[in-house]
Amino acid sequence: MKKIHLLLLKSFIRPFVVTFLIVMFVLLMLFLFKYIDDLVGKGFEWYVIAELMLYASATNVAMALPLSVLLSSIMTYGALGENYELVAIKSAGISLRRAMAPMFIVVAILAISAFVFSDYMLPVANLKYYSLLYDVRQQKSAKLLQEGVFTTNFPGAATRVMRKGKDGQTLYDIMIYQKDEKTNNMNVIMAKEGVMYRSPGDKFLVLKLKDGIRYEEKRSESNFDPRQVFVRVRFQNTEIKFDISGLNMKRTPQDEFRSAFVMMNLKQLRHYRDSTEKQVDSTVTQTYKMLSPYVKFFTLPKKSNSVKKPVAPKNNSVLGGMEINEQISTVSTALSEVRTIQDMLKQNETNSKETMKNIRRSVVEYQKKFTLSVACLVLFLIGAPLGAIIRKGGLGMPVVISVVFFLLYHIISTIGEKGVKDGAIPPAIGMWIAIFVLSPIGMFLSYKAATDSALFDMEAYKRFFNRLFKRKAA
């Protein structure tokens, strides 16, 4: 048994590592395709991109790990069945269940590791990933001057360059609109040629302009003359500085992102849920105490079915003994109080709905930390017997079948998660519905594989339908 265990472990670890790396690479490429516009052309250092990709890879483990377990288990037992190694194992008196036992233990250890990762490491990775991604997306483009386009990257100025030289620093046909913040005047500078370079420390962008004109509008020096003075100045050489210190990436404090549920562990999620539920109960109690003085009970005269002429209210009615003006004033005051109470109740209802929605989201993240581990076990129970039945290794048929089952798992879990967030499904059902659906499938496939059932043998199905059609013909 020890040699067989070692054979199974070697057959499983290699495809698992390979498939895990392939899936992580595919998910990372999807991340780059999604945010390529936010990363290119902003002058980031290579280590910033590498750090962001590292955190993105950590957040993709929850999707890559179950798929890798499913695919590698199908490949492992499919290759063993294709090479008749499973037949040799069964001929030695070892059942498929005993042959799957060591692999089940390995996958169980892997599931426990996934739970520890999702509870301790994943919240930290999510915090660093989303905070860095936010700063990256807020960063302005490093292409300070583009050809034929007015650029507003510099504060208080709009700059256009019609053409650049081959060196990327020589500029032709330059136009600059500058706004003076003190006098609120607009200045226009036009030059035929110029050169740009950055100052030491990348604090300023310096433009050395040649052969140009400066147009300026300013008020008259005399306080009694409201007219504007128009000034035109020709120059051979001039120099303009633009402050570009604001274009450097600034990191947002990570504490501003800690309130998100994906950045909390189990302890923090339980604390949030308990404290929020207590807050909701306290709000309900305070609302009841606030409304109870307004709720009054009166004995009103009973209404009869017969139609009678309207009579003046008696003394024992609510408005009995009052004058008409007093009755109108009383009814108006009561309607005003009712509208006030209705507005307060609507506001409390809106706040309560938002609070309950946040509680459901916290429950979703709480349950996700457990469903990831259980999903690895369930998908292994599907993949191992399925590989033994189809008896195909490699990346052909196993990839197709594993993708089908993983899409089934992902679609069902997504629908259940959305139902929990909307409040239509209880969390215990919505977050575990994919496990409940796939577990019977895994047990059925395990039974079929243990009994050497020809589940995917097309010849067996052909023989069955041929016999069925012959009986009908007879």
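Predicted model: local features only at pLDDT ≥ 70, side-chain atom pairs only at ≥ 80, totals over all residues.
## The chain as a whole

The protein chain holds 11 helices and six strands. Of its 474 residues, 35% are buried. Among contacts with a separation of 6 or more, 67% join residues 24 or more positions apart.

The chain has a mean pLDDT of 79, and 82% of its residues reach 70 or more. Within residues 298-304, however, the pLDDT is below 50, and the model gives this stretch four contacts beyond near neighbours in sequence. Residues 307-316 also stay under 50 in pLDDT. For residues 307-316 the model has seven contacts beyond four places in sequence.

## Helix H3

Helix H3 covers residues 61-82, which makes 22 residues. At 1.5 Å a residue it should span 32 Å, and the distance of 30 Å between its end C-alpha atoms agrees with that. How much of H3 is buried? The count is 18 of the 22 residues, so the helix is largely enclosed by the rest of the structure. For this count, buried means a relative accessible area under 20%.

After H3 comes Tyr-84, which has a positive phi near 60 degrees. For context, most residues other than glycine have a negative phi.

## How H3 packs against H8

Two packed helices are described by the angle between their axes and the distance between the axes. For H3 and helix H8 (residues 397-422), the angle is about 145 degrees and the axes are 9 Å apart. The crossing of these two helices is right-handed.

H3 brings Met-63, Pro-66, Leu-67, Leu-70, Leu-71, Ile-74 and Met-75 to the contact. From H8 come Pro-398, Val-399, Ile-401, Ser-402, Phe-405, Phe-406 and His-410. Sorted by type, the residues of this contact are 12 nonpolar, two polar and no charged. As background to such patterns, an α-helix has 3.6 residues a turn, so residues three or four places apart point the same way.

Helix H6 runs over residues 266-291 and has 26 residues. From its first C-alpha to its last it reaches 38 Å, close to the 38 Å expected at 1.5 Å a residue. The buried residues in H6 include Leu-266, Leu-269, Thr-276, Val-280, Thr-287 and Leu-291.

The loop between H6 and helix H7 (324-390) contains Met-322. Is Met-322 buried or partly exposed? With a relative accessible area of 30%, Met-322 is partly exposed. Leaving aside residues up to four places away in sequence, Met-322 touches Gln-327 and Thr-330.

In strand S3 (residues 170-179) sits Asp-173. Although Asp-173 is not a glycine, its phi is positive, at about 55 degrees. Its relative accessibility of 43% makes Asp-173 partly exposed.

Strand S5 (residues 204-219) holds Asp-211. The phi of Asp-211 is near 55 degrees, again a positive value in a residue other than glycine. Asp-211 has 36% relative accessibility and therefore counts as partly exposed.

Definitions and conventions: Residues numbered from 1 in each chain as written. Heavy atoms only, no water. Helix = DSSP H or I, 4+ residues; strand = E, 2+ residues; numbered from the N terminus. Expected span 1.5 Å × (residues − 1). Buried < 20%, exposed > 50% of the residue type's maximum accessible area, 1.4 Å probe, protein only. Axes fitted to C-alpha atoms, helices over the stretch in contact; angles between N-to-C directions. Left-handed = near helix turned anticlockwise from the far one by under 90°. Contact = heavy atoms within 4.5 Å. Nonpolar A, V, L, I, M, F, W, Y, C, P; charged D, E, K, R; others polar. pLDDT = per-residue confidence, 0-100.
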